[in-house]
Each structure stands twice: as structure tokens, then as C-alpha cells.
Amino acid sequence: MTEEQATVVAPESSAPTDEDVILELNDVRTYFELDEGTLKAVDGVSFNIRRNETLGIVGESGCGKSVTGQSILRIVPKPGDTQGNIWLRRNGETVDLASLDPSGREIRDVRGRDIAMIFQEPMTAFSPVHSVGNQIMEAILVHENVPKQAARDRAIEVLSQVGIPEAERRVDALPHELSGGMRQRAMIAMALVLRPKLLIADEPTTALDVTIQAQILRLMQDLQKEMGMSIMFITHNLGVIANMADQMVVMYLGRVVEQGSVEAIFGDPQHPYTQALMESIPRIGLTRGERLTSIAGTVPVPLNPPEECGFSSRCPKFIPGRCDAKVPDMLETSPGHHVRCVLYE
Ligand SMILES: Nc1ncnc2c1ncn2[C@@H]1O[C@H](COP(=O)(O)OP(=O)(O)OP(=O)(O)O)[C@@H](O)[C@H]1O
Ligand SMILES: [Mg+2]
């Protein structure tokens, strides 16, 4: 690749003008100031999500996927701090979520109504001492001024919509009284009851066995079509991304190293890290809790990281004096396909 072919992508600093873009991250940085130094969990992340589209976010453990999701909803625990822009299109306007008070009214209204999140472990989303139905009703009543009975009817309706049999009875169950798969469905029901425009799914099926995993993924796709929402799907599993996503982002050590359409990246993975991830895809599907481990070495902790390509220490194509001289720029190597690697400069 010659320099004429690749163009540096300048970070956008203003709100997106494309009506179809519902969320746009621009140079988002979430750092934790610790006694030991600055931990750069998310370090200059930019991407966008379009209406009805699924964006897959992939990378090994510790790459900053969850902190990116937390940054969008402004639920990063202290001492984490988020800078940059997180543009959300809502009520015909564009708001920068990064500029909001994380405990203020506007972001609380965004949570659940505009953007909902589901997690790997549903027990973290539910309180163990209240029935599933009461918690779904609570989610409705916080945002909408409707009678309790109407909220209960909606809770039953959404529980049956996610495929929970006998929802009229199960609505009164405590979370631990449901099986793992049913609990996961109940959490999806709680996330979707307000019909959010964006669902952030953080490893929502990793804890489930393969059959249930496939059912839940299918359910999310069906609900997406029915409700017309966008999904940001965080996973270690490239197979799931290939199945579910339209666009994908590959993260390494708090940065996006490659992004583009699923077809483009699977057809021509360009970053050595993406290539290593592709080579580590297991035979058929991941089994319970399995991680991508076949890349030599582990993701370092981004504590006071040097200004270099984060993958330098593990990269089979490492070029001394170049890869460790600066953080490579994000380059567009073909329309919509971006990679952050000196090999393409
Ligand atoms: N609350 C926190 N305080 C300090 N450091 C944190 C905190 N949360 C995450 N980190 C650090 O930020 C980095 C990114 O973590 P993150 O949880 O986003 O990774 P991840 O890609 O979601 O990994 P996994 O696949 O294991 O879920 C890691 O180095 C992690 O140790
Ligand atoms: Mg995570």
C-alpha cells in the first residue's frame, strides 16, 4: 500500500449530520487516575452506529470493550473519567452524552429509554429480592406515567415476547427461581420494554450453553427486526460477530485497530492483531466461557502506556523504530475500511 492510496482519517469534532447515525463516538478517552499512574482503559475511540444496524465490538479480555459501553451510558465507576464526544440523536436533536452530569436527569432519562444495556450475568442486572415482574414494572414506571396495572400488563407482554412460557405466572418469580436461559430472556425483556433505539449487549450469551446461546441470539435478531433498533454487540466470539453484525470494530488496548463492514474485515483482515484473532477462531463455536487464548502473550494493562502501537510487544510483524515510535494513525485503506498500522502507511 502506497501513501497515495491510504488517507489519514481526521477526527470529527462536530455532531454527525447524517440522519441515519444514531450514536457517534469521537475520540473518547476513559482514564482511571490510580495511585500507580494513569490507566487508559479507552484511549481515543471513534466509531458510529446507524439506525437498525448491528455493530460488533471484538477484542481479547482487557481491551476496553466494557468500559466503552459504560462510557456511553456514563456508568464508569470512580475514579474513571470520560472525555471526548458521544453524540446521541434523540428527540430530533443531537446531545453529547460525554458532556452530561453522570448523575443528572438527562442521562438517567437516556438510560433505558434511548439506550439499554444487557450483561453477561443477569444476576447483576436484577435485584435478588424483588420479582422479575416488579423490576420490569419499575423500569416502566420510572420513565412513564402509567397506572400500575398497565405496567404489569406490559411486563407480562414483554416476557412472553422474549419467549418465556406462562409469563402471567413467571412475572411473579424471583430471579433465582428462573433457569439461566430464562433469566437471560427476562433481562432482555427488561432492557427492551421501553423500546430503546440502541441496545448495548455486553457478552450476553457467554455464560449460557451453546443451544440456549443460539436461541438468545436468534431472539435478539427477531426483536431487532420487529422493533427497528440498533445493537452494539460486545463479544470475544468472532463467529457471533460474523452471524449478527453488519459493521465491526476490533479493539486492542483501549484503541480501535481496525474497523469496517463484516464482509470487508473477514474478507481481508489487515491489522496483524485482527489476523491473529481470525487464526484463533476455534473449530465450531466457542464452548462455555472459552476465551480467545491462542495468540501468544496477553493483553498488557494500559497503565502509563508508552506512545506506540499497543500491539508492538506481541506483533509478529513488529518493525523496530517505527511501531514503537508513535501511535499509528487510523488509515482508510478502502472505502469504509480503516486500519491503525504502520504497514499501510
Ligand atoms: N473500574 C475500573 N477501575 C480500574 N481499571 C479498570 C476498571 N474497569 C476496567 N478497568 C481496566 O480497564 C481495561 C479495560 O477493561 P474492560 O473491562 O473494558 O475490558 P474488556 O475488553 O471488557 O474485557 P473482558 O473481555 O474481559 O470483559 C482493563 O485493563 C481493566 O483492568
Ligand atoms: Mg468486558
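Which residues are linked in a network of salt bridges?

Guide: This is a predicted model, in which local features need pLDDT of at least 70 and side-chain atom pairs count only at pLDDT 80 or more, while totals for chains, interfaces and linings use all residues. Residues are numbered from 1 along each chain as its sequence is written, and side-chain values use heavy atoms, with hydrogens and water left out.

The network of salt bridges joins Arg90, Glu106, Asp109, Arg113, Asp114 and Lys197. A salt bridge here is a side-chain nitrogen of Lys or Arg within 4 Å of a carboxyl oxygen of Asp or Glu. Helices (H or I, at least four residues) and strands (E, at least two) are DSSP runs, numbered from the N terminus. Arg90 is buried, with a relative accessible area of 7%, whereas Asp109 is partly exposed at 28% relative accessibility. Buried means under 20% relative accessible area, exposed over 50%, and partly exposed in between (1.4 Å probe, protein chains only).

By the salt-bridge rule the count comes to 19. Among them is the pair of Glu60 and Arg314, with closest N and O atoms 3.0 Å apart. Glu60 lies in the loop between strand E4 (54-58) and helix H1 (65-73), and Arg314 in the loop between helix H10 (272-279) and strand E12 (331-334), 254 residues apart. Both Glu60 and Arg314 are buried.

Technical notes: Chains are lettered from A and ligands numbered from 1 in the order in which they are written.
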